[in-house]
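Subject: Structure handover

Hello,

Here is the structure we talked about. Please open it alongside this note.

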4 protein chains.
Amino acid sequence: LSDERDAFRYVHRVRFDEVDAAGIAYFARFFSWCHDAMASMLGQLEGGYRGLLAERRLGLPAVHVEADFASPLRFDDEVHITTVVERLGASSAAFLFRLDRTADGARVATIRHIHVLTDLASLRAVPLTDELRAVLGRHMSGGTS
Amino acid sequence: LSDERDAFRYVHRVRFDEVDAAGIAYFARFFSWCHDAMASMLGQLEGGYRGLLAERRLGLPAVHVEADFASPLRFDDEVHITTVVERLGASSAAFLFRLDRTADGARVATIRHIHVLTDLASLRAVPLTDELRAVLGRHMSGGTS
Amino acid sequence: LSDERDAFRYVHRVRFDEVDAAGIAYFARFFSWCHDAMASMLGQLEGGYRGLLAERRLGLPAVHVEADFASPLRFDDEVHITTVVERLGASSAAFLFRLDRTADGARVATIRHIHVLTDLASLRAVPLTDELRAVLGRHMSGGTS
Amino acid sequence: LSDERDAFRYVHRVRFDEVDAAGIAYFARFFSWCHDAMASMLGQLEGGYRGLLAERRLGLPAVHVEADFASPLRFDDEVHITTVVERLGASSAAFLFRLDRTADGARVATIRHIHVLTDLASLRAVPLTDELRAVLGRHMSGGTS
């Protein structure tokens with residue numbers, strides 16, 4: 001990424017119960033951290049992500065996920081998650097998350113998610129709201145807001 | 001328990017991601033297994049526990065939990081959970097869960113939960129329904145059905 | 001897949017705590033279920049997956065994951081996971097998991113994992129053992145055992 | 001508690017995947033938050049809790065847990081966890097955790113844990129180390145440091 005000015009930053013420290021029977025952070029947890037980063041970004045919505053869910057009954061289920069894991073993490077390791085929005089579609093948003101270990105700056109994982117704005121009653125896709133488009137647009141790679 | 005005829009039986013095998021940074025099954029997971037045993041018992045309701053939640057909008061949040069942990073578990077250990085209902089109140093049910101390792105019969109934990117039937121919209125306690133009372137009554141210690 | 005004779009079959013029922021704030025099964029859980037299916041397949045090893053981890057100090061961290069989510073799941077939904085091994089490398093194995101809802105046969109998700117046999121002390125890749133190659137080979141797409 | 005000067009303070013915000021099929025924070029998660037508060041307190045050890053586990057091969061499994069749940073939590077609610085050490089035994093430490101919702105100060109839960117210092121190889125209790133006794137002693141109710 002040539003331009004990181006607009007990236008969203010989030011920090012996670014590996015919890016005691018996120019380690020698996022092999023003694024390293026369980027791979028599926030990484031997706032939760034990325035989702036937490038997205039939820040934190042959506043805190044910029046009026047009423048937050050919580051308001052979107054509880055009041056407007058809209059959610060953002062994942063429809064596609066890709067991940068490359070470069071380096072394992074141990075209990076209590078801290079990671080920086082740098083998030084950019086790569087694309088906005090009619091109903092969808094594509095996120096790129098880069099995870100780096102704070103201690104040594106090593107790349108830990110590169111993860112992509114596509115989420116679709118969805119009516120939680122009908123479970124059908126709905127167009128991105130203007131406010132959501134504005135908040136996500138602030139964090140587009142290259143900068144577009 | 002002098003009389004186990006009416007106990008409800010449930011089996012769990014420790015999953016790969018239930019082990020913590022100390023290399024043993026994480027203590028908070030045990031409560032999930034007990035809750036899963038209760039949910040399985042409630043499968044005897046017409047429409048299941050799912051119907052209670054989704055259609056009647058009633059749930060059974062825990063209001064009290066006690067646990068004694070006697071022996072740690074490793075990845076892939078199998079436990080038998082023997083559940084009895086100890087008491088039924090106006091809105092509440094008290095459960096006793098005994099967890100034993102299948103391989104050697106060792107007592108792993110003794111856990112008690114009190115759950116209260118709750119309207120999920122108002123989050124207020126409501127009286128146990130007749131059907132719930134009947135299903136839980138089948139598994140009372142001493143046998144009452 | 002034209003040939004499913006050698007696929008490995010595993011069943012999961014969505015647990016009460018696998019549902020998220022949007023009321024559907026949390027997307028990151030799907031990866032755990034696939035990992036559980038792989039762990040179950042590795043139960044065919046002498047000593048099981050547990051023996052590989054505890055005695056030989058070898059593990060199978062994921063290095064790459066891809067997922068397409070087609071249909072959401074609710075609490076208590078049952079899914080069938082059909083697993084085939086797509087490729088075996090020097091140290092790696094590529095798995096394809098297809099998740100179908102039991103009730104209506106709907107495709108729920110298609111997930112791919114690449115896992116690498118790893119020395120858990122040094123965290124370096126090691127060649128697949130003959131026994132691991134044999135067990136995984138039994139479930140190759142097309143059938144190769 | 002008449003004296004809170006020495007209590008250890010920790011904050012948690014309910015994550016998206018900590019909500020259950022009833023739409024409230026899953027009860028078993030509360031124990032993880034308390035454990036995270038304890039782990040954070042043990043960050044005062046030289047090398048942290050991580051050093052205790054990885055280098056000294058000592059852990060602190062729970063042997064007893066008690067909880068009263070007073071008020072449910074929703075996604076994104078913030079709780080303050082106030083922790084005091086109630087008793088130190090030869091090998092054990094008794095913790096009291098009070099959880100209060102930040103928004104309105106409501107008591108959410110009162111939880112007690114007893115943890116035992118344990119050799120992770122033999123899984124036997126060992127006497128509390130002097131350093132552990134000193135760190136825990138700083139947070140005793142009544143104030144002892």
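Helix α1 (residues 27–41) of chain A and helix α1 (residues 27–41) of chain C have axes that come within 9 Å and cross at roughly 175°. Axes here are lines fitted to C-alpha atoms, for helices over the stretch in contact, with angles from 0 to 180 degrees between N-to-C directions. Helices (H or I, at least four residues) and strands (E, at least two) are DSSP runs, numbered from the N terminus. The crossing angle makes α1(A) roughly antiparallel to α1(C). Angles over 145 degrees count as roughly antiparallel, under 35 as roughly parallel, 65 to 115 as roughly perpendicular and the rest as oblique.

On the α1(A) side, the contact is made by F27(A), A28(A), F31(A), S32(A) and H35(A). On the α1(C) side, F27(C), A28(C), F31(C), S32(C) and H35(C) make it. Contact means heavy atoms within 4.5 Å. The residues of this contact divide into six nonpolar, four polar and no charged. Nonpolar covers Ala, Val, Leu, Ile, Met, Phe, Trp, Tyr, Cys and Pro; charged covers Asp, Glu, Lys and Arg; the others, Gly among them, are polar.

The model is predicted: local features need pLDDT of at least 70, side-chain atom pairs count only at pLDDT 80 or more, and totals for chains, interfaces and linings use all residues. Residues are numbered from 1 along each chain as its sequence is written, chains are lettered from A and ligands numbered from 1 in the order in which they are written, and side-chain values use heavy atoms, with hydrogens and water left out.

F31(B) and F31(D) are among the residues that make the contact.

Next, the core. The largest nonpolar core has 198 residues. Such a core is a set of buried Ala, Val, Leu, Ile, Met, Phe, Trp, Tyr and Cys residues joined through side-chain atoms within 4.5 Å. Buried means under 20% relative accessible area, exposed over 50%, partly exposed in between (1.4 Å probe, protein chains only). Which residues have the most contacts inside it? They are F31(A), F31(B), F31(C) and F31(D). Leaving aside neighbours within four places in sequence, F31(C) is in contact with residues including Y26(A), F31(A), V65(C) and I111(C).

On symmetry, chain A can be laid on chain B with an RMSD of 0.0 Å, by a turn of 180° and a shift of 0.0 Å along the axis. Superposition is by least squares on the C-alpha atoms of residues with pLDDT of at least 70 in both copies. The two copies are thus related as by a two-fold rotation axis. D20(A) has the C-alpha of chain A nearest the axis, 3.0 Å from it. Chain C superposes on chain A by a rotation of 180° with 0.0 Å of shift along its axis (RMSD 0.0 Å).

One backbone detail. D76(C) has a positive phi of about 80°, although it is not a glycine. D76(C) lies in the loop between β3 (62–69) and β4 (78–88) of chain C. D76(C) is partly exposed, with a relative accessible area of 27%.

Best wishes
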